[in-house]
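Subject: Structure handover

Hello,

Here is the structure you asked to look at. My notes on it follow below.

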Amino acid sequence: MTQTAIACTVMRGGTSKGLYFMVSDLPADVGLRDAVLLAAMGSPDARQIDGMGGAHPLTSKIAVVGPSTHPDTDVDYLFLQAVVDEARIDAGQNCGNLLAGVGPFAIEQGLVPADEGQTSVRINMLNANSLAVAMVQTPGGRVRYDGEARIDGVPGTAAPIPIDFLDVAGSTCGALLPTGNARDLVDGIEVTCIDNGMPVVVMRASDFGKSGYESPEDLEADADLKARVEAIRLKVGPMMNLGDVTKKTVPKMCLVAPAQYGGAISTRNFIPHRVHEAIGVFGAVSVATSCVTPGSIGAEVAGIADVEAVSELEIEHPTGFFTVAMDVSLDQGAVTVKRSALLRTARRLMRGEVYVPASLWGGL
């Protein structure tokens with residue numbers, strides 16, 4: 001036998017796509033596991049032609065799911081980013097898009113029994129040691145994928161999967177405002193460093209000579225812009241308690257501008273070296289939080305008069321809107337996020353086996 005077969009499900013989660021594995025089907029050794037996953041994805045190669053990756057960060061993602069190790073949740077979820085053109089697996093961030101598929105996957109795999117009508121799946125997000133609750137439609141005890149929910153960046157409609165985040169503020173950096181400030185000055189640019197589920201650096205697009213409404217392709221083609229953004233990212237990494245971020249996929253870098261289409265704010269997101277065609281789930285939550293954080297760049301640009309009256313924010317991105325439901329309070333100018341939630345959809349695309357060379361791993 002020259003190849004090893006590994007049980008695998010391919011799912012679209014939100015506006016991303018990835019491979020979903022049971023933790024029990026992968027090597028326990030992290031180094032070997034990562035080598036196996038790189039082979040499954042076809043990294044490193046710009047086209048990922050010899051694997052299942054889609055030659056883009058948004059389609060080179062992995063969810064590893066298993067029985068919960070947390071007393072108050074149903075399943076564990078580990079997100080892994082397979083870097084497209086490097087032999088590297090990054091576990092340094094959450095992914096709220098693949099998170100949308102974790103509930104359906106867990107039910108399909110028998111980790112969570114399906115209730116009649118709707119099933120609550122409590123998820124232990126291992127990357128940041130935080131919790132989420134996904135509500136999955138299960139009429140007749142089976143996962144329903146078709147429905148009327150629509151999310152920008154995905155064609156058609158699907159069954160809604162509302163997700164509540166219970167304790168994501170500061171989950172990666174240790175504090176909602178990891179530098180202790182609502183804004184800092186880095187390389188002559190005012191920035192807001194914030195972490196409400198995803199470390200994000202919020203910056204005015206105008207400070208870079210941009211409108212903030214450019215296409216992702218136009219921004220990616222601007223080598224000088226990318227160099228300036230990356231220089232700031234490398235400097236704020238230690239400031240955000242992330243250390244040297246040269247080889248990390250966080251923090252994300254977000255250029256913001258006044259909303260164009262009735263939302264709260266317009267965004268263009270570096271993730272960190274490609275520009276997102278939309279915006280990531282946790283990235284949207286962090287940007288929305290900056291809009292209600294007094295003194296931040298996001299709050300200045302959004303210009304919300306009464307943040308405590310906010311129930312949801314529409315975050316504009318290149319292909320539409322991302323709605324974030326929020327419940328916040330202010331105490332002497334400091335914001336506390338009591339609840340953040342959003343709506344995603346997911347769809348199972350394929351279930352079967354993915355193959356890797358047996359010379360790499362002979363299987364369990």
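The side chains of R33 and D34 form a salt bridge, with N and O 2.8 Å apart; the term here means a side-chain nitrogen of Lys or Arg within 4 Å of a carboxyl oxygen of Asp or Glu. R33 and D34 are both buried, where buried means under 20% relative accessible area, exposed over 50% and partly exposed in between (1.4 Å probe, protein chains only). This is a predicted model, in which local features need pLDDT of at least 70 and side-chain atom pairs count only at pLDDT 80 or more, while totals for chains, interfaces and linings use all residues. Residues are numbered from 1 along each chain as its sequence is written, and side-chain values use heavy atoms, with hydrogens and water left out.

In total there are 18 salt bridges. One of them pairs D187 with K235 at 2.4 Å, N to O. This pair links distant parts of the chain, 48 residues apart: D187 sits in the loop between β9 (184-186) and β10 (189-195), and K235 in helix α4 (residues 223-239). Helices (H or I, at least four residues) and strands (E, at least two) are DSSP runs, numbered from the N terminus. D187 is partly exposed at 43% relative accessibility, and K235 is partly exposed at 45%.

Another salt bridge joins D327 and K338, whose closest N and O atoms are 3.7 Å apart. D327 counts as partly exposed because its relative accessible area is 34%. Salt bridges with shared partners also connect R183, E190, R204, D207 and E300 in one network.

Next, the backbone. Most residues other than glycine have a negative phi, and most peptide bonds are trans. The bond from S43 to P44 is cis, with omega near 5°, and P44 is in the loop between α1 (30-41) and β3 (61-67). That loop between α1 and β3 also holds Q48, which has a positive phi near 45°. Q48 is buried, with a relative accessible area of 1%. A55 is in the loop between α1 and β3 too, and has a positive phi of about 65° without being a glycine; A55 is partly exposed at 28%. The peptide bond from I271 to P272 is cis as well, with omega near 0°, and P272 lies in the loop between β13 (265-270) and α5.

What space does the largest pocket hold? About 550 Å³. Of its 33 lining residues, the closest to the centre are P57, Q81, T249, I271 and P272. A pocket is an open set of points on a 1 Å grid over the protein atoms alone where a 1.4 Å probe fits, with protein on both sides within 12 Å along at least five of seven lines; lining residues have an atom within 4 Å of a point. The volume is the space filled by probe spheres set on the points, which are joined across faces, edges and corners. β4 (75-82), α2 (96-108) and α5 (281-291) each give two or more residues to the lining, and α5 has the largest share, 3 residues.

Last, the cysteines. There are 0 disulfides, counting pairs of cysteine sulfur atoms within 2.5 Å. C8 is in none, and the nearest cysteine sulfur, that of C95, is 15 Å away. C8 is buried at 5% relative accessibility, and C95 is buried at 4%.

Regards
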